Amino acid sequence: MPRTTSRRFLRPAALIGAAVLAASVTACGSSGTPSAATPTSASASADAAAGVLTVRDPWVKAADKGMTAAFGTLVNDGDTDVTITKAATEVSPMELHEMTMKDGKMVMRAKESGIVIKARSSTTLEPGGDHLMLMNLAEPVEAGDELSFTLTFADGRTQTFTAVAKPFTGAQESYAPGHGDSPMPETSMSPAS
């Protein structure tokens, strides 16, 4: 039976103090991009007083169980670099991840130094690159669900944004045995088939 309403994982109190900007999700229709038929999403930026980041086109890969990831473009309009040291959501423990080469293979690992967004520039979180990893889903994240995320910065500030879940078949992640059982086993990526 088709769903008539989407579930929400938002805590209204978590959104207080953050200005919510409506943003359409841009999709170019390539195999590595969510379908243009996906719904619009809301992105949030810090309020003018906090001035941390703008989060553009945030989305989460829909998943039934296990792990998934959140993506988007982080824009720093400020005059100093910003470092994200932690991310959190209600549906899963999270880690900051990166993709890197090791022994001739692309592997996923925790990004211990955090994700740096240089002053007056942007950083894109994307499949096959830096991303926010949801490590152990408490329940399925279905296409259309909206999840609330809180970023923590090196200076202690925090910022909340909302991302919509979308189906995505690109990257075809293949997780190494035991991933999630230890602090950070490596994960390999295989090309899309």
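Residues are numbered from 1 along each chain as its sequence is written, and side-chain values use heavy atoms, without hydrogens and water.

**Nonpolar cores**
- Phe-149 is also one of the residues that touch the most other members of the largest nonpolar core, which has 27 residues; such a core is a set of buried Ala, Val, Leu, Ile, Met, Phe, Trp, Tyr and Cys residues joined through side-chain atoms within 4.5 Å.
- Among the elements that give two or more residues to this core are β3 (54–61), β5 (82–89) and β12 (158–166), strands being DSSP runs of E with at least two residues, numbered from the N terminus.
- The most is given by β11, with 4 residues.
- A second, separate core of 9 residues includes Ala-69, Met-99, Met-108 and Met-135.

**His-131**
- His-131, found in strand β10, is buried, with a relative accessible area of 3%, where buried means under 20% (1.4 Å probe, protein chains only).
- The side chain of His-131 reaches the backbone oxygen of Gly-129 at 2.7 Å.

**Confidence**
- The protein chain averages a pLDDT (the predictor's confidence in each residue, from 0 to 100) of 73.
- The pLDDT stays under 50 over residues 1–50, and residues 174–193 are also below 50.
- Where pLDDT is low, the predicted coordinates should not be read in detail.

Note on methods. Predicted model: local features only at pLDDT ≥ 70, side-chain atom pairs only at ≥ 80, totals over all residues. Buried < 20%, exposed > 50% of the residue type's maximum accessible area, 1.4 Å probe, protein only. Polar contact = N/O pair within 3.5 Å; in protein donor to acceptor, adjacent residues only side chain to side chain. Contact = heavy atoms within 4.5 Å.
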